[in-house]
Structures are given as C-alpha cells and as structure tokens.
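This briefing goes through selected features of one protein chain, taken topic by topic. Please read it with the structure open beside the text.

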Amino acid sequence: MNNKKNYYCAIDLGTTNTTLAYGTINPHTGKLDAKCMKLKMKLAEGGVGKKNIVPSCVLIDLNKNGEIVPTVGSYAKHMNTITPQNVVVSTKSEMGKNYTYEIEGKTLSPSDISSYILDFVLKNATEYFKERPDDLVITVPASFDSEMRTDTINAAKKAGIKVTEDDGTYRNILLDEPRAALHNFINSLDKGEYPDVVIDIEKPKNVLVYDLGGGTLDVSLHKVWRDEHGNVEFEDYAISLHTLVGGDNFDKLFTDYLYSKIENKIGDISEAEKQRCMSKLRVLAEEAKKSMTEQFFDNQMMGMEDEEIEMEITQANIHDNIAIDELVTEYEYEEIVESLMGNEFTLESVKKLEDGEIMESLNIIYPILDVLAKANEKAGEKVEVDAVLLNGGMTKLPLIQRRLEDFFGIKPISHQDPDLSVALGGVYYHYNLHNGLKSKNILNDSIGIETYGGRVEHLAKAGVTLPYKSKVFDKFSIETDGVNRVDFPFYLGSRKDTLSPNRKIADRSIKFDKVLNTSDKVSLQIEINSAGIMTTRIWLNGDEKNRRIMEVDSNFIEEPYKIEAGQSSVNNSLGKARKKVQVYVDTDEKKVGKNVFKDLEKFCKQHEKTNNVGTKKHFMDQIKHIETQIKSCTNKHEMSELITNELVSGSVDYFYKERLCIVLGELIKVTGLKSKFTKHVESEINNLQYISNVDSNRKKYLRSMIEALAKSNDPSVEDIFVKALELKPNINSGFVNAIMISLGKVSESLDTFNLVDKYVNDNSGAKLEALWALGKIGSREKENVLSIKEIDYVIDTFTDIINDKEQKYVLAPYNALYALAEICDRRKGYDCIGETKANKVIREIKGVKLYNYKKAVQKKQFEQLKEIAISVIQGQALTQEQEKCLLGIRSKLSLSA
C-alpha cells in the first residue's frame, strides 16, 4: 500500500463493541487528525440515534421472501433480553471455530455474523464519504491464530472489503490490537499529550501493552524509543497466548451471583425462561461495571480515592413480577470475580512457568507471565518492564488497575479513552501503510505438531518475525504399508505436550496420489505470512518439485494417520490409526439440564394439536431452538443418556420422540454409540412384527431412530438395519429409503451389498437410495474394500440406467453415475476393474445425453460428476475442487431442484 488517499479508516471489530475511526490530513498542520465516527443505528428505546460505540450484537430477522435482515447495535442488544434465540452476541469469541448458529431456519457462521457488523459500519461510512470504503484496516487480538484471522478476512470479503491485491496476494488489512493501541499512544506522545514524567523514551524503554476488552485479553511487550530524528520507533518482544478472558467473564460471574439472590423466589422455570432472566441480569451486570468506573473517576477528580464505591442493582419484573434490589460494594464485587484476578501469581511466577509448571490460565495475570517468559527466552536474559500501557474498556475498572499496580510495582498508564484508542491507532497505522511503512509482525505463540504420546514438536517459535518460513522437517517416515492419507494436528503454545494452555488450532490433511510404504520419507515445511495466515507444504522422498499444499480439514476424515515420534530422535514415523476420534469431555460451560425435555414435549404437543400453518411454524421454531440448545451444549454425554432414558420411558408421543432422535443423532457423532440406545432400537423394530397397523407418527419415529443410529458410522449396527428390512410389510417406503441410506453409511459386507442391489429394480421406491448406497459400500477408498470380482456384476446395470431416457426418477442416472465412479475407481492401481472394462465404461459415460435434466444447474452438476467419474476410472488424481465435490456426494444425496 503506497497510494495516497484523502482519508484513512480502521474498524475495531470488538467482542462487545465495534468502532469506526477515520482520519484526514489537517490542511493547517499537514498532520493526520483521527477521530471516531458516530454511527447511525436503531436505539433500544425506539427511534434512531448516533453513537461512536456500537454494541457488537446482531438481531436476525427474515423478510417476506425469507431473506436475512440483520439489525446491528443497541436495539439488537435490547432484544437479547426478549428474544435471545434470535440475537447473536460476542461472536468474535467463536471466530476460527467449527461453530454455527441456527436462527430462523438459517445456518450462520461467526464470519457471517461479523460480516453483518462490518456491512453495517460500512453503510454508515458510505453516507459520510459518499462512497463505500473498501480499503481499510480491521483490528484483531494479537493472539488470534491462523484460523481466527482467516475467518476475519472472510468476514471482510463478504462485506465487500478488498482483501487481496490484483495479483491475488493478501492485502495487509489486519492489525493487532495492542499494536494499534501503541500507535495511538505514540501519536499522543508526539503531540505532547503525555508528559515525559510519565514515560521518557529518549532511551529505549520496555512497554507492556495490557489490552483487556469484552471477550479477549491481549498482552504484548515492545521496546520503544526515539530515533535521532525524533521519530518514535518500536520493536516487538513477545505476544501472549490467546486467552478468552474479558468483560464477558466478569459479567457472567456477576450475573450468576445476581441470579442466586432471586433463584429461590423464581423457582423451577424452563431453560428458555431462565435464558431471558439471565439476559436481563446481564444488562444490570454491565451497568454495574459502568457505575463502578464512573464513581471511581469522580472520586479521583474530587481527591476521594479512598471513598467506598457502592452499586445499587434494582429492576422490577425480572421474571413473573419478581424484582431484584441489591446493594453491592466494590470489594464485594472483587470477591465475586476473584477467580479471574490471578491473585496467587507474582513476578516470581514467571520462573515457574519457564520451568514447565502447569498453571491456571483463565485469569487476567497468566498472559503477562506468558509474555515475560517468551521475552526472556528471546532476549536471552531477564527483561524488565519500564511501563504498563492500559487499553480496552475493562481496564477502566479500579480493581484491574490496582491488581496490575500491585503485580508490577509501578502505576499503569491509562489511555484517555481506552474504548476508542484501538480504532484511532488503526487509522494512524493505515496512514503509515499508505506512506511506505513496512509492517514487522511477530508470531504470537509457538506452532507445533502433535507427535506420538501427546508430545508436540515445535515448527516455529514464538517471537519469530513474520513473514516466516520454517526449515524443512524431513525425518518422518511411514510406519505402515498401504496408506495414502496423512493427518497433521497443529497446536499453538510453548509447552512440548498437548496439555493446557496449549490448544489445537487445526487438523491439516493431505491425500497422496499413491499408496505409501514404510520406505517413503515425508518432508514438511510451514510458511506464515505477515497477516499470521499459515500454509503447510509437504513432499515425498526429497521430490520438492512435486510438493503439495495442505488444506485445512475441519471435519473428520477417514483413515487418518498421526505423526509418531519414536524413542530415537532421528527415526520418527507416521503411525496408523483406524479412525479419528474427537476428544470430548463434558463441562459445565454451556450445560443443559433435563428440564428442557418438559418444554420440548409441551411445544411438540402444541405443534401436533393445531392445524393452523402459522401457529405450527411458531411452535416448530420453539422446538428447533431447544434442539439447537441441546446440540451445542457442553454436557453431550450426559444429555445422550438422558435422551435415551426419555426414549425408553414408554411415552406414546411419537412426534416428541422423533424430535429427540434427531438431536440424539447429532450428539452421537461426538459421544459415540450407547448400547442402551442400540438395544432400544432393536426392541422397537422387533415389536413391529406384532403390530398389524403402524401409526404414521410411529413410523416417522422408527425412521428417525434408524437415521440416528446410522450417524454413528458403526458397522456393528448393520444387522439391525437388515433385520428391519425383513419387516417390509409393516413399514412404508420412506422407512426403506432411510434403511438404504443407513446401510450405505455403515455397511462393509458383501451380503449387504447384494441385498441392497435387489432394491435397484424393486418397486419399493428406494431405487435412488439403493444406488447411492451401492456406491458407498463398494467404494474403492474404504478401509475394508470389497473385492471387485464380487461386485462388478452391477456395472452393466448402472450403465443402462445412465443411458435410459425413459427413467422415472430424475436422480437415478446421477446416483448410478456416482456408484460407477466409486466402484470403477482405478486410482489405487490394484483390486480394480481391468483396462478393457474401464474403457467401455468411460465410452458409456461420455455418450450420456441429459434427457432428464431441464435446469441448467442440474446439467452442470451432472457434467461435473461425469468429469470426476471419467478421471477416477482412468486412474487420474482429482483436483481439490473435484475431491471436495466427491466427498460432498458421499455425505448426502442431493441434486439441486
């Protein structure tokens, strides 16, 4: 960025609040003047107003066409106390995670929500500048990892911000928040707004920036000095690990405290009602913090620092006319949030951390220890802190300032307005970028790869200057013959194991074009660009010309292999694992209780009782909201058992039990299959043979059980599905369809393959599902592959179907083509159809005419699948896009309507 501009912009996209700052050159002084823009938004009390700090809250509504209409700001924050299920708050804390929101039937990601906030800000900027800015800076926590930064860039792209140059390279649009605060501080120093008695930088000083906001805590250490021309320069020492500690944590503890004061009066209420209560109390918790800060400031101005601060918490009708009326002193508040204060730590604790001692990291002091330990390692000696610069709205709290002064033994320096300083600093940085500044960023934390025994081998050390390219790691070999996919779990953190506070940031996987053997050697190298985005390259046997770039794999993959570091420091190996298992342990963070079942059953009964379409939709929205709560809970093991108990209880409300099964299927993906549920499904299916007329709701319930069971991907349940098919007279066609799909997901046997084939020409209506299932069961990429000689008899049937222009089912040729691709796949080079047969099948595929597809999108999908089928039958490697398409077809049956 070196082109001159008339204005410069930065957005502080915060967890709690968002701010837009802009700057223009003062014609009288020739210097940049920066200020925060007042943004127009809908207010909580009604009407429209302008404020320079906008709550990062998004209310999701739909228009009459079913399109999303987001509302950002104060009104959305207010609606969180009324319809919390439609409001997203603190989405910044979910960036970089495989996390989604289910609202009004729409599935939204954190980057989607962030893009709505950015779009809202840019619409305001467009009104002011008479053009929509697409060149600006967005501030992010310094501790954001590669995935979090990528999510932020994706959000910016969705909002129309220019994220790449014309040549496709990433633009430098991200700025670490502590650096932004430092830029603003340096500009204030240059303007003489801080006297030298506060900090004299004629000689280098070590300045620690402490940025405590609504959802994150960033700590960084910098060397700051004036050069011979009087310009302020700085150099980065270290940046803290990513710590989800912020105002939200303080508010939660205080909100829980307030709820405990009225819990007995409220009694047993539903989860939805409790959520509304907590939302109201959370607003009071936030107001209490503001009151504490204002009283502290007033006492300072009047020379009454020792005056006790009291906060009156009063509001009528928290729930059912129950009010709250509490008087809380500052010191009582400090006791409530004591677990976050890190009172057990001193400067001497740095040495313990350096020695590898495991410490509690979820507090406001641990990130300081982390930074000082990293700085000491980088400098090769103990680094002294000369000044502490406070930033972020939470640092206004007197207890935060006192704790830091007690820890360092020096009085921290406060920004004049810590809520605005990051955005303002971003403007100065943006201006400098356009005037030739070459940004020098450092890696905030060490990046490593998990090896055998839960050990982590570091690939890049904390503090290295970005962009960075690691050395080549080439001492890895394949332990087991016959594998072709390798999985690399990456961790962030300075520890040499996977224990907290180290955390996994990504699973990157690569599928090789050939089957690997123990003689093959794997080389690995990572690159991290100036924005902190990481890519990984690997190659085999020293052939760097044929290196491959790894993709981020956020889903589970079949046949994963984890690097295993053996006892020897030289002969590391890649060890085989049959199945990748998500490590999951129940916690209380988002725990859901069994009282949700009462609400769910109530809404299910009301849904079934009414015939009004609008009323049905209302109750279904309530049902889906509860289901989303359960799916995203952090006590999934417990909820799986509770749901199973509820299913076994004997209730005859089959619609309610069907909805429970839908939820249970999602939980099973994480918790695994429970024997109690398996036995219950078996029992229900066996009972069918004694019932002459099965109720339609019961049939739907049985189908939902089958589908839930299949989501385990456990071959042991195959016999249950086969048994269910024997009861065909008592079940409907939809039930058979579900069984076909389920067998496709779990089956590994030739008998089942032959059984499913019978349904291709059966009149049960399950032809489409049977074709797809045959492709899944007969895939040449399964771990336990069926012999091609045993199953190639179906190939002629499939070629007939794809060329039959009289086909009754539109999807039949598409699914038959998919099955051909899977069964005739010759990429492995063994146990596959012969070349003569392959050439014949390819000719058949190339000659297919798209009689049944009238819509352009359907024709495009079929043509894409044709190309994939021809490539795999020819034994050619697929492109990344083709591989993604094939995996998508494997996971579901779909052809655009």
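Just after helix α10, Gly409 takes a positive phi of about 80°, in a model that is predicted.

**Helix α10 and its end**
- The buried residues of α10 are Pro398, Leu399, Ile400, Gln401, Arg403, Leu404, Phe407 and Phe408, and Gly409, with its positive phi of about 80°, comes just after the helix.

**The chain as a whole**
- The protein chain contains 27 helices and 34 strands, and 54% of its 897 residues count as buried.
- When contacts are taken between residues at least 6 apart in sequence, 67% of them join residues that are at least 24 apart.

**Helices α23 and α24**
- Helix α23, covering residues 795-802, and helix α24, covering residues 811-823, have axes that come within 8 Å and cross at roughly 145°, and the crossing in which α23 passes α24 is left-handed.
- On the α23 side the contact is made by Ile795, Phe798, Thr799, Ile801 and Ile802, while α24 contributes Ala812, Pro813, Ala816, Leu817, Ala819, Leu820 and Ile823.
- Sorted by class, the residues of this contact comprise 11 nonpolar and 1 polar, with no charged residues.

**Tyr22 in strand β2**
- Tyr22 lies in strand β2, which runs over residues 17-25, and this tyrosine counts as buried because its relative accessible area of 7% is under 20%.
- Although Tyr22 and Tyr8 are 14 residues apart along the chain, their C-alpha atoms are separated by 5.4 Å.
- Apart from neighbours within four places in sequence, Tyr22 is in contact with Tyr8, Cys9, Asp33, Ala34, Lys35, Cys36, Met37, Tyr128, Phe129 and Val427.
- With one of these residues, Tyr128, the side chain of Tyr22 makes a polar contact, side chain to side chain, at 3.1 Å.

- Asp236 has its place in strand β16, residues 232-239, and is buried, with a relative accessible area of 7%.
- The side chain of Asp236 makes a polar contact with the side chain of Arg179, at 2.2 Å.
- Glu286 is placed in helix α6, residues 271-301, and its relative accessible area of 13% is under 20%, so Glu286 counts as buried.
- Once neighbours within four places in sequence are left aside, Glu286 is in contact with Lys77 and Asp251.

**Cysteines**
- Cys36, which is among the residues in contact with Tyr22, counts as buried at 14% relative accessibility, and Cys604 likewise counts as buried, at 0%.
- How many disulfides does the count come to? With a pair of cysteine sulfur atoms required to lie within 2.5 Å, the count comes to 0 disulfides.

How values were computed. Residues are numbered from 1 along each chain as its sequence is written. This is a predicted model: local features need pLDDT of at least 70, side-chain atom pairs count only at pLDDT 80 or more; totals for chains, interfaces and linings use all residues. Side-chain values use heavy atoms; hydrogens and water are left out. Axes are lines fitted to C-alpha atoms, for helices over the stretch in contact, and angles run from 0 to 180 degrees between N-to-C directions. Helices (H or I, at least four residues) and strands (E, at least two) are DSSP runs, numbered from the N terminus. A crossing is left-handed if the near helix is turned anticlockwise from the far one by less than a right angle, and right-handed if clockwise. Contact means heavy atoms within 4.5 Å. Ala, Val, Leu, Ile, Met, Phe, Trp, Tyr, Cys and Pro count as nonpolar, Asp, Glu, Lys and Arg as charged, and the others, Gly among them, as polar. Buried means under 20% relative accessible area, exposed over 50%, partly exposed in between (1.4 Å probe, protein chains only). A polar contact is a pair of N or O atoms within 3.5 Å; within protein, one must be able to donate a hydrogen and the other to accept it, and residues adjacent in sequence count only if both atoms are side-chain atoms.
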